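Try each task with the structure open, then follow the solution step by step.

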Amino acid sequence: MDLLLVFLDSILDVLFVLSAFLFVLFVVVLVHELGHFLVARWCGVKVSTFSIGFGREICGFNDRHGTRWRLAWLPLGGYVKFVDDDNSASIQLSRGHAMMTDDEQTGFFHTKPVWQRSAVVAAGPITNFLFAIVIFTLLSLIYGIVLIEPRVNAVVPGTPAESAGFEPGDLIVSIDGNLIKSFSDIQHHVVLSAERELVFVVERSGRLIDLLVTPVLKENVDSIAGRHRRPVIGIQSSNDTSKILHKSVGLVEAISLGMRQTWTIVIQTIYYIGDMIMQRQPADQLGGVIRIADASGKVAQLGVAHIIQFIAFMSVSIGLINLFPVPMLDGGHLLFYAMEALRGRPLSESTQEFSFKIGLALVFALMLFATWNDRVIVKDWFDDAIVKNQPR
């Protein structure tokens with residue numbers, strides 16, 4: 001009986017994580033593909049298929065415009081397929097359309113002006129960003145914001161902050177000329193500055209003092225991201241509730257905060273990739289599907305507001321990744337359209353076909369690498385299951 005209960009408990013845990021993961025992915029992919037779909041329809045492009053997921057269809061229906069809306073078994077993305085596409089990646093390899101009349105080509109995507117094709121492709125990532133801004137804006141309106149006074153409560157011994165001369169009670173005024181209003185502002189600047197010297201201006205006993213400090217990478221463990229390394233300097237904020245301000249915000253400020261939060265995610269992702277290339281950050285923090293599923297399950301346990309915020313984070317991440325100039329991704333298509341606009345004609349069919357094969361290989365290689373990194377998450381799952389089910 002005990003073994004049966006352990007087995008059922010483990011199955012329920014897996015189903016909960018899987019459900020949270022599928023919900024997050026469904027919403028983010030739906031928003032992304034709706035961006036492509038709506039702008040395509042606005043440009044007069046006929047859409048043959050709108051799919052959430054890949055592979056065999058689970059269920060679907062046809063709308064009055066002839067579009068097949070479908071849900072497929074492999075929930076790792078989605079696609080909008082136009083009537084003149086040869087495949088779900090919106091690649092036109094066949095030139096048979098050139099023999100058709102203009103009337104026969106009505107609604108074709110690949111015969112549209114380059115600016116319209118670019119608009120359709122860019123609409124997916126842009127919609128992801130706008131969706132995140134809306135979510136962050138609404139959360140700020142509903143819950144307000146928390147401002148923690150940017151004052152040093154404690155300096156961790158043996159850290160860059162101690163070496164730089166920080167002292168408890170220092171009020172941080174600015175970092176590299178950027179005004180600091182809350183302790184979260186400090187974290188924002190530090191996390192983007194692994195091994196980069198920062199100029200802190202602090203107020204101490206009524207005087208302004210310049211302090212130079214270089215953040216170092218330190219392994220951190222939290223309930224959502226698990227084990228990861230992040231830049232730190234070694235200062236701690238105050239736990240005094242009188243130093244913590246809960247502030248309500250209006251619509252204009254909430255929109256501004258939503259845009260800032262979205263931009264922060266974009267910048268932090270770009271900085272991490274740059275640091276990883278320059279070997280200032282380890283590549284083992286790059287996670288894949290398993291890491292996303294793990295985070296989805298953990299965030300879902302915290303409540304509705306947290307899972308909605310995580311959806312916004314994922315929406316920004318998916319939008320940004322799709323803008324990378326890699327063939328097969330939206331950014332790759334946009335790169336080809338930019339080259340077409342400059343040359344006055346599209347790249348040759350063979351060049352595009354070869355580029356997309358390279359892009360597909362790169363995407364699969366990145367997925368395999370990220371999945372390999374996720375083995376740590378799987379190990380933690382097994383360790384947690386063993387600890388959880390040990391007799392007491």
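**Exercise 1.** Which residues of H5 and H7 meet, and how do the two helices cross?

*Solution.* Step 1: in this predicted model, find Gln261, Thr262, Ile265, Val266, Thr269 and Ile270 in H5; they meet Gln309, Phe313, Val316, Ser317 and Leu320 in H7. Step 2: sort these residues by class, and the contact of H5 with H7 has 6 nonpolar, 5 polar and no charged residues. Step 3: look along the axes of H5 (residues 251-277) and H7 (residues 304-322), which come within 10 Å and cross at roughly 50°. That angle makes H5 oblique to H7.

**Exercise 2.** Describe how helix H6 packs against H7.

*Solution.* Step 1: Two packed helices are described by the angle between their axes and the distance between the axes, so begin with those two values. For H6 (residues 289-300) and H7, the axes come within 8 Å and cross at roughly 150°. Step 2: angles over 145 degrees count as roughly antiparallel, which makes H6 roughly antiparallel to H7. Step 3: H6 passes H7 in a right-handed crossing. Step 4: on the H6 side, the contact is made by Ile292, Ala295, Ser296, Val299 and Ala300, and on the H7 side by His306, Ile307, Phe310 and Met314. By class, this contact of H6 with H7 has 7 nonpolar, 2 polar and no charged residues.

**Exercise 3.** Work out how H2 and H8 cross, and find the salt bridge between glutamate 340 and arginine 117.

*Solution.* Step 1: the axes of H2 (residues 114-143) and H8 (residues 330-343) come within 9 Å and cross at roughly 160°. H2 and H8 are therefore roughly antiparallel to each other. Step 2: the crossing in which H2 passes H8 is left-handed. Step 3: H2 brings Val114, Arg117, Ser118, Val121, Ala122 and Pro125 to the contact, while H8 brings Asp330, His333, Leu334, Tyr337, Glu340 and Ala341. The contact of H2 with H8 has, by class, 7 nonpolar, 2 polar and 3 charged residues. Step 4: the side chains of glutamate 340 and arginine 117 meet in a salt bridge, with 2.8 Å from N to O. This pair links distant parts of the chain, since glutamate 340 lies in H8 and arginine 117 in H2, 223 residues apart. Searching the whole structure gives 10 salt bridges.

**Exercise 4.** In what order do the 4 strands of the open sheet stand, and which helix packs on the sheet?

*Solution.* Step 1: the order is E6-E5-E7-E8, with antiparallel pairing. Step 2: E6 (178-179) and E8 stand at the edges with a single partner strand each, so one side of each is left without a neighbour in the sheet. Step 3: helix H4 (residues 183-191) packs on the sheet and touches E5 (171-175), E6 and E7. The direction of H4 makes about 155° with that of E7.

**Exercise 5.** How many bridges join E7 to E8, and which residue in their hairpin takes a positive phi?

*Solution.* Step 1: E7 (residues 198-204) and E8 (residues 207-213) run antiparallel and are joined by 7 bridges. Step 3: the hairpin has 2 residues between the strands, and serine 205 takes a positive phi near 55°.

Conventions: Residues numbered from 1 in each chain as written. Predicted model: local features only at pLDDT ≥ 70, side-chain atom pairs only at ≥ 80, totals over all residues. Heavy atoms only, no water. Axes fitted to C-alpha atoms, helices over the stretch in contact; angles between N-to-C directions. Parallel < 35°, antiparallel > 145°, perpendicular 65-115°, else oblique. Contact = heavy atoms within 4.5 Å. Nonpolar A, V, L, I, M, F, W, Y, C, P; charged D, E, K, R; others polar. Pairing = 2+ DSSP bridges. Left-handed = near helix turned anticlockwise from the far one by under 90°. Salt bridge = Lys/Arg side-chain N within 4 Å of Asp/Glu carboxyl O.
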